Amino acid sequence: MAPRHVSVLIVGAGYAGLTAAAMLSLRRISCVLVEKNNFLSRHPRAHGLNLRTLELLRQIPGLEADLHRTSRAAPGDNTVLIAETVVGRPIKTIDWPGGFDTRSLSPASLCSAGQDRVEPVLMRYALSLGAEIRFSTELASFSQDDKVVRAVLRDAQSGNETVIFADYLIAGDGSGSSIRKTLGVAMEGPGVLSHAISILFEADLRKVMDGRGFLLCYIRNPEFNGAFVSCDDPDRGQLNVEYDPARESAADYDAARCERVVRAALGQPDLNIGILDVLPWKMSAVVAERMKIERVFLVGDSAHIMPPVGGLAGQAAIQDAADLAWKLSMVVGNQAGAALLDTYETERRPIAWLSIMRAKENYVERLRIDRSDLSEARGRLSYLEVAMSYRYRSAAISLEEPDDERLTDDVRSPSCKPGCRLAHVPLERKGELISTHDLVGDGFLVLAGPDGKMWVDAARAIAQRSLAPITAFRVDGDIFDVDNAFLARTGLGRDGALLVRPDGFVAWRSASSQIDAEGLMACAMARALFVPAERFLA
């Protein structure tokens, strides 16, 4: 078979790879995803999707609703418990049903579905949008030069090999990434924090749950530490249990022992248990020293491994892919300079560190209060702010002076400064109630205050003249501020404007009107896309 060419080759059908395939295909970028296994994950693993992740995924029409349909949990049921056993008296309740209303923070709502349910939905959407996905196909070898990546793909069953040329390669091949190792990229950080066994089992959990719903339960048992995930399923659950490798090994956890441990964690000594799968793993805290190596990008667990306490690892994988997809699409489509791709590492790597610090803090607070050595100042930043309102700094962001250098924005009182996530503000458009985030995704977005017509005119002139990927709306002109909150939540004056990227982050802001609106906006677009400003000017 003759070699073929695609814009992007993706390796690994996990959260990062499937999200990249869907987001690239949404933007009409040709991509092929290969997965060495012939199946998706059976384990829930990453459990739940947070608000920021869903804000990104909802750019694909229908996806958010379908993800919610995969979960059997009651809406808003995001309780997290710490207890000696699942049926025991809680030591601490971290969240509770209906106890935290997120509607003022985001148009999205939390989804409790596990990875085993989310991945098939992501794959279905990627396929429907035009992605090509091949299972039982491994990356046998690859090389790259300044123009292309040459990859040799091998059919895992027949051994037959084919060659594919791609403009770029996305490595979503997991924590043991062979791509990362081939490139000689080292991992930095504290390293392995603990060893654990993930036990997937079947049992009648209706008695155990007793009508209760919760996202998960951290177990502080005299015999062991661990976490129980309900899987939203009355007949199936997952238990993660730590063990000390100095005294035992993963091989010591045979079916009989796993059954005993599950019963002890559930607090049900007579419950019938069937062990479906046992997966050993290491809880680690490391980040790749580089996430972009010429035309190859590391995403998800291939780029960073973090304690799965608080669910930030799965969110980081999806958010890596979403960030990379819009940048690749604009570079491949000649709408941006290649230097835009350098900002993937510049922006995402610090956020990976921030998430790791918060995940370590969760681990200490929820499971290992004896491990205060793992705690540090960055980890004590608000979990909600780290998960939802992290800040980007790169050459593509027109930072304001002076810059306060905060790592996160305030979720409840957002600043909307450049580098921050766009604030959620309820709006009305053509009689329909929407969010500011419903305007995000299709190229760049200009949002102007009620007296900011000059900014809208400038954006539309730039778009018409240069075919720039930009749309513009004026509050109380094209869209309406139903709660009179837009100016306060965006930091704008009535004649100010924001330039928002396709990922919902603010690239530039002018709090008030300027003499040369078109010139200023052209410069902001040029900086955001690494192209000459003349491209956007008459």
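Leucine 467 lies in the loop between α11 (453-466) and β22 (470-474); helices (H or I, at least four residues) and strands (E, at least two) are DSSP runs, numbered from the N terminus. The model is predicted: local features need pLDDT of at least 70 and side-chain atom pairs count only at pLDDT 80 or more, while totals for chains, interfaces and linings use all residues. Residues are numbered from 1 along each chain as its sequence is written, and side-chain values use heavy atoms, with hydrogens and water left out.

**Backbone features**

- Most residues other than glycine have a negative phi, and most peptide bonds are trans.
- Leucine 467 is not a glycine, yet its phi is positive, at about 60°.
- Leucine 467 is exposed, with a relative accessible area of 70%; exposed means over 50% relative accessible area, buried under 20%, and partly exposed in between (1.4 Å probe, protein chains only).
- Serine 136, also a residue other than glycine, has a positive phi near 50°.
- Serine 136 sits in the loop between β7 (132-134) and β8 (137-144) and is buried, with a relative accessible area of 11%.
- Glutamate 401 and proline 402 are joined by a cis peptide bond with an omega of about -5°.
- Proline 402 belongs to the loop between α10 (383-388) and β19 (426-429).

**Nonpolar cores**

- A nonpolar core is a set of buried Ala, Val, Leu, Ile, Met, Phe, Trp, Tyr and Cys residues joined through side-chain atoms within 4.5 Å.
- The largest nonpolar core has 106 residues, of which Leu9 and Ile470 touch the most other members.
- Helix α8 (residues 312-332) gives the most to this core, namely ten residues.
- A second, separate core has 30 residues, among them Val229, Ala352, Leu354 and Val386.
- Neighbours within four places in sequence aside, the contacts of leucine 9 include Val32, Leu139, Ile164 and Tyr168; contact means heavy atoms within 4.5 Å.

**Leucine 67**

- Leucine 67 is part of helix α3 (residues 63-70) and is buried, with a relative accessible area of 0%.
- Residues up to four places away in sequence not counted, leucine 67 touches Leu49, Leu54, Leu57, Cys111, Ala113, Val118 and Val121.
- From leucine 67 to glutamine 514 there are 447 residues in sequence and 44 Å in space, C-alpha to C-alpha.

**Helix α9**

- Helix α9 (residues 342-366) has 25 residues and should span 36 Å at 1.5 Å a residue, which agrees with the 37 Å between its end C-alpha atoms; the expected span is 1.5 Å times one less than the number of residues.
- Helix α9 is mostly covered, with 20 of its 25 residues buried.
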